[in-house]
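Subject: Structure for you to look at

Hello,

Here is the structure you will be working with. Please open it next to this email and follow along.

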There are 2 protein chains.
Amino acid sequence: MNASTLAARILSRRDLQFLLHEWLEIAELGSRPRYSGQSADLYDDVLELAERLATDRFAPHNRSSDVDEPRLEDGRVILEPAIGEALAAYSEASLMGMSIDEEFGGMQLPLVLTTAVNAWFHAANTSTTAYAMLTTAAANMLIACGSEPQVKRWVPPLVAGRFFGTMCLSEPQAGSSLADITTRAEPGEDGCHRLFGTKMWISGAEHEMAENIVHMVLARLAGAPAGVKGISLFAVPRYLLDEDGAIGERNDLVLAGLNHKMGFRGTVNGVLSLGEGAHQPKGAPGAIGYLIGEPNQGLTYMFRMMNEARIGVGVAAAAVGYTGYLKSLQYARERLQGRSGPQRDPSSPQVPIIAHADVRRMLLAQKAYVEGALALVLYCGRLHDDTVSLEDPAERRAAESLLEILTPIAKSWPAQWCLAANSLAIQVHGGYGYSREYDVEQHYRDNRLNPIHEGTHGIQAADLLGRKVIRGEGGNFKQLSARMLRTIARAEETGGEARSLARALRLAVERLEMVTAGILSNGDRDAALANATPYLEATGHIVIAWLWLEQFLATGHGEGSFYEGKRQAARFFVRQELPKVEPLLDLIADLDRTALDMPDDWF
Amino acid sequence: MNASTLAARILSRRDLQFLLHEWLEIAELGSRPRYSGQSADLYDDVLELAERLATDRFAPHNRSSDVDEPRLEDGRVILEPAIGEALAAYSEASLMGMSIDEEFGGMQLPLVLTTAVNAWFHAANTSTTAYAMLTTAAANMLIACGSEPQVKRWVPPLVAGRFFGTMCLSEPQAGSSLADITTRAEPGEDGCHRLFGTKMWISGAEHEMAENIVHMVLARLAGAPAGVKGISLFAVPRYLLDEDGAIGERNDLVLAGLNHKMGFRGTVNGVLSLGEGAHQPKGAPGAIGYLIGEPNQGLTYMFRMMNEARIGVGVAAAAVGYTGYLKSLQYARERLQGRSGPQRDPSSPQVPIIAHADVRRMLLAQKAYVEGALALVLYCGRLHDDTVSLEDPAERRAAESLLEILTPIAKSWPAQWCLAANSLAIQVHGGYGYSREYDVEQHYRDNRLNPIHEGTHGIQAADLLGRKVIRGEGGNFKQLSARMLRTIARAEETGGEARSLARALRLAVERLEMVTAGILSNGDRDAALANATPYLEATGHIVIAWLWLEQFLATGHGEGSFYEGKRQAARFFVRQELPKVEPLLDLIADLDRTALDMPDDWF
């Protein structure tokens, strides 16, 4: 049981059991046609496999792949070998395709489960895990948008982990503003295209771990409309394939340079130059790419996948936060320091620091953040499963609508608060937490990426308020508030303490409803959007408070320390965190213009 | 003017002018006997010197000393040479002794000025600056507590920068809990002592940059009382001195190992072993140390210095936050990305990102944090000067009392919020901010130390609530609230917008007074202290809001973008930050026990 003992420190098996089985009742999914034949035992077996692989193959090189970060030698990316070995084990265990339909060689498991599986791997080593996430995402995108021959050609080697995938969106002059990408695609021979341009921030851009790399690239066709309506999607492989699918010529794309990051270092990240003539596939310069789907629909396709990627960021953030929490908890139980309570006699033995109230506060805050974040991303996984497995189209649509509004929150809330958890984990460790001899400083650096990539925090805020609330004309929002009120009503019926927690949440939800109605009826959209970030953060906190009430209810009459701890964390969140929402909502209610009205030269 | 142009980017000369001259009116100090003959011109000359040295000698190696961090080779610490060169230039400019009395070879400048001087150096390179801070602190401690021969022997070379100093408090088994240190001091020959033990987290512990290093070491004499009442202070030099003060034998202390940190890497930090017999000074093992002051008074002496060191941490945090703000501001003005306002046509040119409301929000928040933090530490410097230069003993005592209660805030608030500013600076940069090609990621890593060293955030909270408020029986607190109310009254008299800002602050101060009175009258000290951190954070925010009101008033009828920006930042803080206080104070008012009541096994 050595592996499990170790693993118990990177994530909590007990909590996953609670969230998946006792709260989200995932075994029930097996009764739906899409997941027929899948049982709770199967799900638990997959989770156990994930725990073992994450612990044995991913965690051990987490620090070393941070220290020996990727380097470029003679045009080749040198990575720590353990990264490729871990990913090979992951592929061999069929996990690369765990969420992909059986007809494409996958396991067709529900996303709620694969989210939990991924949490194990992110907790162990988030940068190694990123390669797998990108590969699955590329396969998913091809399945959703590619032609049948394209799917046949590219998906099986991706699902098998023989090929890896990437997403190529940003460019040096166009980071968050995809309207301004300039990579161009020219019609080439045999219906394919030749691409020319520079892609920036490409994770997994180049390495030797797979037989091939399939880049999913956004580019413009000649004469395409300006802006986001003129973007097309192309599959651009590192190596072309022969007719029979065997590796052929090198394509015309090269890594122009590596980015050296604060953390997340095991994931190679760099600038990709397409069509510079470094290679001459089929005798000419230009990176050969294959148009996916219709011209000028690239961003629509990308956005279809983006939701999954964004929830994926939330999973990573939650898992990295969670593992930092568990490590600081273990440290706090072992580290002797000072005295506590009435017994302050310096000749008495020192106590473990968990005995100090302020340390307990930092641990309980972490617990409330990371378990709340994990609950959120699992809930989103469960919703996704509903959107593809419920019989009733209206119910599917309701799940979709709710998932749409929760996605920017699932991306941003864990990124913000599990980073805060990692900061508290450092603080619990004191000076040791700041030293590279302990894990938590790396978790903090790794997690700092999550509010940036896949759409920054500010982009998520604009997505929530601008796209989901305002352009959705309140439809998505109503879905969300109705669900929250349903839980509140259930808690009120339950009575006792559940009722009193529900009372605080009801006030917050009703305030949020009022503020949202105010935004929808008010004409000053600029002032509203200037407060998109406080709106995102307030809504996020209310959503997490709701999910803590859900967890509180799910503990039922459960006795023992696990359930007691859950209930105390729920109380903590409602008492200490939920009230932070009020001043944020005040800003939006007032359509505060302080930042909006600050001219450049006043800074 | 090249240096000045560059320097304008690491700190704001204009803001320092405003804070020092227009707000704190430091020229007035020249009329006091202690500073007689000192003029505004002298102060400005020193500031200009600091700006030039910081820009030319400290800033250029900030990144390289992070990359090439200190290493141990054959028992010697290898540092980047630029660190020693910069510190030599600092010493040559007489800055090592700028705050030290003239009779000891210093410049006897007011602390409010030297705080501003240090801010330049921290903004440029906080880890190189740390060596100077420690050296000045050691000299100050010797002057305050040492015998005349000790002062004569050790202070001049420290002030000249020929010797460097350190502080040796922590031990591996005793981090924050100094009651548990075990380093022992045995009586030795000629009235000196022999020390045996291990000291941890020693910044500047070992290097070759100075002729000698003087360690200020806490240790126990045989038979000393248990706990903090049995700690004595010793000066333990790396090399003994001959009778005539020349460098003599190597003392028996060695660097047992280096700590490898997340940031702050240019400051060598390690474990110091005393008395292991690696050297045999005067023919015997044991590190020779000289008792400073009375036996068993070491912690009292240390605490006398601690206040200065804690404000020093605040200065460093404020300066590192400030420089990150200025860099992200420059980036936001230059980086083109997307479109803003009604003009969203994708064929129109991209705008600088400062045009986006959310970016402006992130810049204005940074401005409010870093300028607020700088104001706080300068205010504390000014108070310190009052304690040593006011004629009236009652006024001195009032300044001391106020400084006592502000010290934990000056240490913790900048550390917390200027780190938050650095995080926003990264966020403004997007992906670039996360890469090591830009400065802001290093500032963020460097600043993460500040909530840990010189007493963690939690220790500051316990100091504020436990020592200053509860044990001070409200005396210090009354001093603080009276000062705040005085400013509020002045703002109310001023009328107009000042009055409306003052109204919000008055409500917050009155609430804080009520909550504080509640703590003092309530018997449940454990529950109160369990909420020491929210109390610290709430008080900190109220203090900064007060200092923003002070700044608002100091702009007077000033016109132009500098004054407009100050006023807007004041509005921002009062509107967007001050309201965060309310939910924190609610917790203390309720004596919330959620964390206190969480038993270990519920986690």
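Predicted model: local features only at pLDDT ≥ 70, side-chain atom pairs only at ≥ 80, totals over all residues.

Start with how the chains are placed. Chain B can be laid on chain A by a turn of 180° and a shift of 0.0 Å along the axis, with an RMSD of 0.0 Å. The two copies are therefore related as by a two-fold rotation axis. To find that axis in chain B, look for B:Lys580: its C-alpha is the nearest to the axis, at 3.4 Å. Both copies use the same surface, as 100% of the contact residues of chain B recur in chain A.

**The contact between the chains**

How many residues does each chain put into the contact? Chain A gives 71 residues and chain B gives 71 residues. On the side of chain B that touches chain A, the most comes from helix α18 (residues 561-577) of chain B, with eight residues. By class, that side of chain B holds 27 nonpolar, 23 polar and 21 charged residues.

**Helices α17 and α18 of chain B**

Helix α18 of chain B also packs on a helix of its own chain. Helix α17 (residues 532-554) of chain B and α18(B) have axes that come within 9 Å and cross at roughly 150°. Angles over 145 degrees count as roughly antiparallel, so α17(B) is roughly antiparallel to α18(B). The crossing of α17(B) past α18(B) is left-handed. From α17(B), the residues in contact include B:His541, B:Trp548 and B:Phe552. From α18(B), they include B:Lys566, B:Phe573 and B:Glu577. The contact of α17(B) with α18(B) has nine nonpolar, two polar and three charged residues.

**Domains and helices of chain A**

Chain A is divided into domain 1 (2-154), domain 2 (164-294) and domain 3 (456-603). Between the C-alpha centres of domain 1 and domain 3 of chain A there are 31 Å.

How are helix α6 (residues 111-145) and helix α8 (residues 298-334) of chain A packed? Their axes are 9 Å apart, at an angle of about 175°. The contact of α6(A) with α8(A) is made up of 16 nonpolar, seven polar and two charged residues.

Regards

Definitions and conventions. Residues numbered from 1 in each chain as written. Chains lettered and ligands numbered in written order. Contact = placed C-beta atoms within 7 Å. Helix = DSSP H or I, 4+ residues; strand = E, 2+ residues; numbered from the N terminus. Nonpolar A, V, L, I, M, F, W, Y, C, P; charged D, E, K, R; others polar. Least-squares fit on C-alpha atoms with pLDDT ≥ 70 in both. Axes fitted to C-alpha atoms, helices over the stretch in contact; angles between N-to-C directions. Domains from an automatic or database assignment. Parallel < 35°, antiparallel > 145°, perpendicular 65-115°, else oblique. Left-handed = near helix turned anticlockwise from the far one by under 90°.
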